Amino acid sequence: MVKNLVSKSLFLVCVLFSSAVVSAQEWIMPTPFSDRNQPTQIAYQFAEDVQAFTDGEVNIQVKSNGHALPHLAIPGAVMAGKVVIGEFLLGLLDKQNSVFQHDMIPFLANNYDDAQLLWQASKADTQYQLHKLGLHYLYVVPWTPYSVFSVRRIDTVADFDGLPIRAFNQTVTTLIQSLGASPVKIPLKDVKSAFEQGKLEGRFASLSVGEDSQIWDYAPYLNDLRIWIPKEIVVMNKRAYDQLDEKTKAAIDKASIKAERNGWIETKERVETDLASLKDGGIVYNQPSSSLLRELERINQRMTKAWVEQDEKQNGGIYRAYREAQRQSQTTH
């Protein structure tokens with residue numbers, strides 16, 4: 001009898017242990033940029049928080065710098081369920097629905113206060129369109145401002161004439177063409193070699209990416225236009241998220257809220273330090289001329305109008321809500 005009780009106890013322990021092993025989930029999270037960039041650092045902290053908040057039931061392994069998947073392949077891989085979770089530039093989805101174009105319209109929101117207001121105005125529609133693509137929104141992290149790094153100084157719009165600039169989505173392609181430059185599609189991992197081979201002579205990039213990649217070695221001019229503050233977005237496959245129990249969902253949501261809050265705070269703090277590091281590295285800093293800024297504002301107006309007209313209800317509603325939020329913000333300040 002004692003022998004039977006011991007056997008039953010051991011059996012129950014094995015069953016419970018097996019259940020715990022089966023219930024633990026291991027997810028690979030591909031991210032496109034290196035460990036030194038703020039969105040990647042936030043991703044590592046998010047993974048730690050998810051593990052802690054779920055008591056180890058969900059373990060996320062962050063694969064940075066495109067080691068798991070190339071940047072452009074990440075959205076489709078999450079949609080198809082090849083990976084449960086991933087991070088990428090929100091604007092990469094601009095061909096899926098026009099709502100995603102808001103993130104890269106030049107000068108629509110090129111400071112952090114405006115970028116937050118634009119995100120709040122567009123968030124609901126963005127989430128809705130993500131759901132239609134089979135994606136569940138977790139959080140966003142803004143970049144430090146995107147400017148133009150180039151092999152030569154850019155003082156006027158004429159200096160863009162024929163300049164081969166890296167294009168990575170349709171919205172950026174339209175901007176490059178509007179400037180009279182030549183859009184060139186080059187994978188992220190091949191950017192440096194493309195400059196060295198003369199295939200590229202310009203690049204839109206954040207101050208952080210410029211500093212991290214030591215961009216002064218191949219594109220020594222920083223034309224500090226601060227065109228956008230785009231966002232890295234982290235999403236899950238919606239079906240995978242929906243299948244989680246409520247406790248696990250709540251834990252992931254808690255980690256997501258923390259990641260987004262810290263992302264906005266910490267990235268903003270990096271602007272001046274990244275700029276100082278670029279200058280220390282040897283970048284030639286170029287303040288944009290008033291005539292170039294005026295021309296870029298005209299391009300902004302044309303691209304904003306075209307964006308609104310693509311979907312008056314959705315995009316027009318976002319634009320009007322954003323402008324109203326700007327007015328209210330200015331009134332309170």
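I took helices (H or I, at least four residues) and strands (E, at least two) as DSSP runs, numbered from the N terminus. I noted that this is a predicted model, in which local features need pLDDT of at least 70, side-chain atom pairs count only at pLDDT 80 or more, and totals for chains, interfaces and linings use all residues. I number residues from 1 along each chain as its sequence is written, and my side-chain values use heavy atoms, with hydrogens and water left out.

**Entry 1: helix α5**

I asked which residues of α5 are buried. I found Thr 171, Val 172, Thr 173, Leu 175 and Ile 176 in this helix, which runs over residues 170–178. Buried means under 20% relative accessible area, exposed means over 50%, and partly exposed lies in between (1.4 Å probe, protein chains only). The cover over these buried residues includes β6 (164–166), β7 (182–184), β8 (202–206), β9 (221–228) and α10 (290–310). Just after α5, I recorded a positive phi of about 85° at Gly 180.

**Entry 2: strand β4 and its partner**

I turned to β4, residues 135–142, and counted eight of its eight residues as buried, so the strand is largely enclosed by the rest of the structure. I then asked in which sense β4 and β10 pair. Strand β10 (residues 231–237) and β4 are antiparallel, with seven bridges between them; two strands pair if DSSP finds at least two bridges between them. Across this pairing, I saw Tyr 139 opposite Val 234 of β10.

**Entry 3: Lys 231**

I located Lys 231 in strand β10. Is Lys 231 buried or exposed? I recorded a relative accessibility of 2%, so Lys 231 counts as buried. Its side chain makes a polar contact with the side chain of Asp 103, at 2.5 Å. A polar contact is a pair of N or O atoms within 3.5 Å; within protein, one must be able to donate a hydrogen and the other to accept it, and residues adjacent in sequence count only if both atoms are side-chain atoms. Setting aside neighbours within four places in sequence, I listed contacts of Lys 231 (heavy atoms within 4.5 Å) that include Phe 88, Trp 119, Val 140 and Trp 264.

**Entry 4: Lys 238**

I found Lys 238 in helix α8, residues 238–242. At 23% relative accessibility, Lys 238 counts as partly exposed. Not counting residues up to four places away in sequence, Lys 238 touches His 131, Gly 134, Leu 135 and His 136. I also noted that its C-alpha atom is separated by 19 Å from that of Ala 43, 195 residues apart along the chain.

**Entry 5: Gly 281**

I placed Gly 281 in helix α9, residues 246–281. Gly 281 is partly exposed, with a relative accessible area of 31%. I found 35 Å between the C-alpha atoms of Gly 281 and Val 235, which are 46 residues apart along the chain.

**Entry 6: the whole protein**

I counted 11 helices and 11 strands in the protein. The C-alpha trace spans about 95 × 45 × 35 Å along its principal axes. Of the 333 residues, 50% count as buried. Among contacts between residues at least 6 apart in sequence, I noted that 77% join residues at least 24 apart.
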